[in-house]
Amino acid sequence: MTTVRSALAEATLYPFWLDNPLAPASEKHLVGRADADLVIVGGGFTGLWAAILAKQANPGRDVAIIEAGKVGHGASGRPGGIVSTSVMHGLSNANRIFPQDLAALERLGKVNLDGWSKTLDDHGIDADVEWSGEMTVAVGAGGLDELQEEFQLAQRYGHNVVLLNRDEVQAEVASPLFDGAMWSKERSGTVHPAKLAWGLKRVALSLGVRIYEHTPMTGVEDDGGTLTIVTHDGRIKAPRVLFATNAWNAGHKKIKTRIVSVRDRVLATEPLTAEQLSRLGWKNRQGIYDTRTQLNYMRLTRDNRIIFGGRVGYYFNNNTDPAGDRKIETYERLAGYFFNTFPQLADVKFTHAWSGPIDLTMRLAVHFQRYYGGKGLYAGGYSGFGVTTTRFGASIGLDILDGKTNPDLELDFARTLPNWIPPEPFRWIGAKTTMYALDEVDQKGGWRKLWINMVHKMGFPL
Ligand SMILES: Cc1cc2nc3c(=O)[nH]c(=O)nc-3n(C[C@H](O)[C@H](O)[C@H](O)COP(=O)(O)OP(=O)(O)OC[C@H]3O[C@@H](n4cnc5c(N)ncnc54)[C@H](O)[C@@H]3O)c2cc1C
């Protein structure tokens, strides 16, 4: 505990990614009445991609984004920043929820990632992308079984993957916890998420998108042919509205019946010295997830900090306000996981600690909710796996909103909804018990394991 407390003592309770002099100035907030062909509510990755894709498809379309705070200050400026190809939260999850459509979802994932990367190249967005691959590390025997299944699927669908035994994974990244790994070497790696959001904002503005920041939507009025988005100082009317509001699930009261808003916590270390790095290895700089029940993820930044995340919490009534996480004690358990994972870094300090909202669904994957006779659509539910999938969510969401037809839109992922989730107070009781059980299930088992198995059977694959 002494190591944890002293390592956190100087940490700033703010996302490392957003604490950067490159952050652009805010755009003006909306005052008075305005019109647009398409209004997007939410200036995270989903909203920014939707605006860019809409303009690229039709430069004459008048597109506006309404953002409650600043662009990229929601989940998009707070993630681990691990880049993946899957659009369904990984191949195993895709196989769990839509086994019949696996080939199509794999194709869509590859097309999406190539489009994501092409936009960054075409527009000179420097977001520190490293195509270093992603590695799932097994912690314990159960973890090794999980990896086998994922490895077979990945091979079947043509991914460039290798399976590493304990010695081989130790040679990649040294940790007493890592018993094996699957390293997927293509179309994956890491990105600086805030630089990405700021780059996408620049591109959207250059294409003529109007962005209103510090403009929370306070209401929606359905005028029959159009929707009016009401804000504190203005109103904006459009025939089509995309709600890209992630865990805030704003836009219609029913959105939250499919989504639980949880928070995930993240730490950033000071930049490691060459000597500290040599204690780890990590020469190939992969983005890493582990198989612990309370999943941890980790990656290096361009200046060799470790970003280490993964400890979810739930607050009553889906509260997304990160003010609840501005106490340093909130991060002590996560810091403890860090030192269990990398005991050779006992001399390393944390510079930043923060949390971010996650839109958890029973599918763990993006879905689309249609409202207001088809004039409004919510796209979200990425469940902590949206750094690249948000482009896909935006693209499919726009197609549905615009009434397009094509065989991909007939697939279940685009047509159907994830399971209903009970309201409060049952949601709070269930979530709190689950979080409590999750914290120590791997060490203590017992009732915790039974509870987690039951939640799993209800549809949440924890
Ligand atoms: C801690 C953490 C770690 C993660 N790690 C990874 C990772 O390593 N890899 C990965 O692929 N994914 C990761 N994710 C998930 C990924 O960050 C998200 O899926 C993605 O950023 C979601 O983008 P979004 O645009 O849908 O939501 P957001 O970025 O949250 O944007 C939604 C926006 O809507 C705005 N808004 C809400 N209500 C209103 C309103 N009433 N009026 C106007 N605006 C409103 C908010 O202010 C916000 O800016 C992580 C997420 C978190 C929180």
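Predicted model: local features only at pLDDT ≥ 70, side-chain atom pairs only at ≥ 80, totals over all residues.
**Strand β7 and its neighbours**
- Strand β5 (residues 134-138) runs antiparallel to β7, and five bridges join the two.
- Strand β6 (residues 161-164) is also antiparallel to β7, with four bridges joining them.
- V161 has its bridge partner in β7 too, and that partner is S184.
- Buried means under 20% relative accessible area, and five of the five residues in β7 (residues 180-184) are buried, so the strand is largely enclosed by the rest of the structure.
- G180, M182 and S184 point one way from β7, while A181 and W183 point the other way.

**Salt bridges**
- The count of salt bridges comes to 22.
- One of them links the side chains of E332 and R5, at 2.9 Å from N to O.
- E332 sits in helix α9 (residues 332-341) and R5 in helix α1 (residues 2-8), so this pair ties together parts that are 327 residues apart in sequence.
- E332 counts as buried, at 14% relative accessibility.
- K118 and D122 also meet in a salt bridge, at 2.6 Å from N to O.
- Both K118 and D122 lie in helix α4 (residues 102-122), four residues apart, which is about one turn of the helix.
- D122 is exposed, with a relative accessible area of 51%.
- K404 and D399 form a salt bridge at 3.6 Å, N to O.
- K404 is partly exposed at 45%, whereas D399 is buried at 16%.

Note on methods
Residues numbered from 1 in each chain as written. Heavy atoms only, no water. Buried < 20%, exposed > 50% of the residue type's maximum accessible area, 1.4 Å probe, protein only. Pairing = 2+ DSSP bridges. Salt bridge = Lys/Arg side-chain N within 4 Å of Asp/Glu carboxyl O.
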